[in-house]
Amino acid sequence: MKFDTACIHGYRHKEPTGGLSVPIYMASTYRHPIDPQEYDSYVYSRIQNPTRETAEKTVAALEGGVECYGFSTGMAAIATVMELFDPGDHIIATEDLYGGAIRLFRTILERRGLSFDFVDTGDIVAVKAAIRPNTKGIYLETPTNPMMDITDIKAVKAAVYPDILIIVDNTFLTPYFLNPLELGADIVIHSGTKYLGGHSDTTSGFAVVGDIGLNEKLRQLHVSIGACLSPFDSFLVLRGIKTLAIRMDKAQENAMTLATWLQNHPRITRVLYPGLPSHKGYEIMKRQAYGFGAMISFETDTVQTAHNILKHTKLIAYAESLGCVNSLITIPAMCTHEDLPEEERLARGITDRLLRFSVGIENAKDLIEDLQQAMG
Ligand SMILES: *Cc1c(COP(=O)(O)O)cnc(C)c1O
């Protein structure tokens, strides 16, 4: 089955009414069957619920994993997956990581005895140099946020010991454009709040595993920690996924048009989009991914121009988050990355003129007009 078909038919819940969508099963508790053949084996909704199960099996099918777990948020998925590690374990993480993940690692998990090294995982020599005898995991994002750095997942896999767990946060590209399990990753994480849900009306998270042994461990953690996805949010994500392929195609097409337009605009000094041949990760993206996504970062000539865009765009919302049908724009230095010490922030290129643009599925001409009128 091709991907766009799988978005709709990837997992079919046995719906007794013949309904084409799975209902929102608002039941926490299920009768134990007298005859074990009588019901599906639902017991209690933290353990499993038919709506959540359908969402999980659909995401597992899209990522090509053996199983998937649904969480209330992306952060809940990350926090639960990180419980696979023991005190004393060392983890190498991409340095330009999602801010929430950095906060979790540094303020909570380091207290629990894990240690982290944040390195440029696009540089395989740097990854190799960071490996210690107690390194148990590599945590990757590609492209990164907001600098759009690319990591070659296969090259990382080849560079590390086989028992080192490779975890990839695939929120930016979605399984439509990247399948990390295919490239050697062990676990794929999603913030379903973004493209999978796609309409900025729900929060959710997913963790997909490619291996049966690992699956048992994660199942235990998911049930024991209990940060699971509600039936209602499961329904919304499933509804979003039905149009994932078509939304990603349109958003990417828009992103390419916008990136090219921005690149030729006199007020824009730098455009970071991995779909531009000038981007330094372009060749790796062409090799390992099926598309380039719809996230663009760009730098304006002055702070004033950046602020004009944030203040005066009418269609493009100045808002955090990403991956919904609406176009969103934010200024990482003041929003997503404001916790970072200024020196570190500037060293990474996150200046006061850098904007991050989640390109939506509006008409590209309207988006261009909106940016143009905002810049004045
Ligand atoms: C938003 C996001 C998360 C966190 O997900 P929530 O659903 O907000 O908890 C993790 N990783 C990336 C790349 C994200 O964009």
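Where is the place of Ser-21? It is in the loop between α1 (3–9) and α2 (50–63); helices (H or I, at least four residues) and strands (E, at least two) are DSSP runs, numbered from the N terminus. The model described here is predicted, so to read it, keep in mind that local features need pLDDT of at least 70 and side-chain atom pairs count only at pLDDT 80 or more, while totals for chains, interfaces and linings use all residues. Residues are numbered from 1 along each chain as its sequence is written, and side-chain values use heavy atoms, with hydrogens and water left out.

Back to Ser-21. This residue counts as partly exposed because its relative accessibility is 39%, and the label falls between buried (under 20% relative accessible area) and exposed (over 50%), worked out with a 1.4 Å probe and protein chains only. Apart from neighbours within four places in sequence, Ser-21 is in contact with Glu-15, Phe-235 and Lys-242, where contact means heavy atoms within 4.5 Å. Pro-143 sits 122 residues away from Ser-21 along the chain, and 33 Å separates their C-alpha atoms.

Pro-143 itself belongs to the loop between β4 (135–141) and α6 (153–159). The peptide bond that joins Thr-142 to Pro-143 is cis, with omega about -5°. Met-148 is another residue in the loop between β4 and α6. Its phi is positive, about 60°, although Met-148 is not a glycine. Met-148 counts as buried because its relative accessibility is 1%.

A positive phi turns up at Thr-174 as well: the value is near 65°, in a residue other than glycine. Thr-174 is found in helix α7 (residues 174–177), and it counts as buried because its relative accessibility is 1%.

Now for the ligand. What sits in the largest pocket? The ligand does. A pocket is found on a 1 Å grid over the protein atoms alone, as an open set of points with protein on both sides within 12 Å along at least five of seven lines; a molecule sits in it if more than half of its atoms lie within 2 Å of its grid points. Among the residues surrounding the ligand are Tyr-98, Asp-169, Ser-204 and Leu-322, each counted by having a heavy atom within 4 Å. Helix α3 (residues 74–82) gives the most to this shell, with three residues.

From Thr-193 comes a polar side-chain atom, 2.6 Å from an oxygen atom of the ligand. Taken alone, the ligand exposes 380 Å², and the protein buries 91% of that; these accessible areas come from the Shrake-Rupley method with a 1.4 Å probe.

Thr-330 is buried because its relative accessible area is 1%. Leaving out residues up to four places away in sequence, Thr-330 touches Leu-310, Tyr-318, Ala-319, Glu-320, Cys-335, Leu-354, Leu-355 and Arg-356.

Key:
Polar contact = N/O pair within 3.5 Å; in protein donor to acceptor, adjacent residues only side chain to side chain. 1 Å grid on protein atoms, 1.4 Å probe; cavity = no way out; pocket = protein on both sides within 12 Å on 5 of 7 lines; lining within 4 Å.
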